[in-house]
Amino acid sequence: LSNAAWAGATRHFSGNAADVQPALHGPALNLGGGRTAVDAALQAMIDLARGCTGCASSVDVVVLRATGGDGYNEHLLALNGVDSVETLVISRRSDAFGADVEATIRAAEVVFFAGGDQCNYVRNFRGTPVQAAVESVVDRGGSVGGTSAGMAIQVEFVYDACSDSARSADILANPYHHSASFTRDFFRWPHLAGTLTDQHFVARDRMGRLLGFLARQLQEGQADSLLGIAADEQTSIVVDRSGKATVYGNGGRTGTAYLVLADHVPGPGEVVLADTPLTYNDYRIWIRRAGESFALGNRRSNGVADKTVSVIGGVIRSDPW
């Protein structure tokens with residue numbers, strides 16, 4: 001293990017220095033709800049990249065952070081098929097332009113974004129060589145994922161948290177609350193078009209804010225329909241190249257994901273306005289627990305929703321949580 005600083009970034013390296021360059025069989029994605037990492041999901045994204053579970057093929061992993069240290073290194077290195085792990089702490093936007101930083105990411109087969117503040121990732125990485133390098137990993141068939149803030153940035157509609165952390169009560173009362181800020185045109189991964197995510201979902205009572213986020217994007221004409229993908233803590237969703245998404249958890253009550261579909265632009269009787277409580281009807285919600293799957297490649301194949309809820313005057317009329 002060695003630690004070094006170069007090109008303005010800090011790196012923490014563990015494992016073998018040689019570049020393994022295996023054939024890749026992805027792309028695959030890992031969307032983590034935060035708190036404790038889900039080892040089975042980390043292993044799944046590694047195995048989907050290398051195309052096997054028990055073979056000798058190995059990969060190099062890069063962990064990207066805006067703050068923090070090498071907390072993932074030894075943990076990831078202990079998983080099957082991992083040859084090396086290198087954490088890059090890129091705390092300033094200027095750090096993302098280092099040639100060595102870009103080269104390190106491009107040489108990886110798996111990239112994982114740690115948690116923290118997704119605004120740092122948006123401000124530091126969007127439109128930089130770091131973004132292009134991560135995209136090159138997916139283009140080659142590698143795996144990309146993240147937990148908490150690292151999950152938030154993986155979709156087309158990113159709640160960026162650059163204007164404070166949004167609370168459900170505030171967003172239901174006012175979908176244009178100052179804390180609701182968004183970024184588009186960051187990453188555009190297979191099967192995640194027209195999606196928005198949320199994390200720490202039940203623990204931090206975030207259903208209300210997700211409902212408001214979805215309705216606001218539709219009100220602004222950003223899409224005709226939008227799918228929210230939410231994960232509880234200690235929960236990860238791994239998406240394979242076909243768009244099949246499998247839920248993983250750490251046992252107990254963990255391992256629950258939610259799909260929330262808002263399928264129409266607000267119409268008569270619905271209200272999505274600034275300083276006005278939200279009214280939007282018939283969100284369809286699917287609930288999937290650890291070991292279960294849902295389809296992102298063909299969303300219609302998910303069948304009849306488990307729940308249908310509406311928000312009337314800022315109040316969720318069905319409360320299945």
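Analyst: A residue is buried when its relative accessible area is under 20%, exposed when over 50%, and partly exposed in between (1.4 Å probe, protein chains only). By that cut-off, 57% of the 321 residues of the protein chain count as buried. This is a predicted model, in which local features need pLDDT of at least 70, side-chain atom pairs count only at pLDDT 80 or more, and totals for chains, interfaces and linings use all residues. Residues are numbered from 1 along each chain as its sequence is written, and side-chain values use heavy atoms, with hydrogens and water left out.

User: Which residues is H25 in contact with, leaving aside neighbours within four places in sequence?

Analyst: Contact means heavy atoms within 4.5 Å. On that test H25 touches L48, A49, R50, G51, G141 and R241. One of these, G141, follows α5 and has a positive phi, near 100 degrees.

User: What makes helix α5 mostly covered?

Analyst: In α5 (residues 129-139), 8 of the 11 residues are buried. They are P129, V130, Q131, A133, V134, S136, V137 and V138. The buried residues of α5 pack against β4 (59-65), α3 (99-106), β6 (110-113), α4 (118-125) and β7 (143-147).

User: Why is the pair of Y280 and Y283 called tilted?

Analyst: A pair of aromatic rings is described by the distance of the centres and the angle of the planes. Rings of Phe, Tyr and Trp (its six-membered ring) pair if their centres lie within 6.5 Å; planes under 30 degrees apart are stacked, over 60 edge-to-face, and the rest tilted. A search of the whole structure finds 12 aromatic pairs. For Y280 and Y283 the centres are 4.7 Å apart and the planes stand at 45 degrees, so this pair is tilted. Y280 and Y283 are both buried.

User: How do you know that the radius of gyration agrees with a compact globule?

Analyst: The radius is taken over C-alpha atoms, and the globule rule is 2.2 Å times the number of residues to the power 0.38. For 321 residues the rule gives a value near 20 Å, and the protein chain has 19 Å, so the two agree.

Notes
Helix = DSSP H or I, 4+ residues; strand = E, 2+ residues; numbered from the N terminus.
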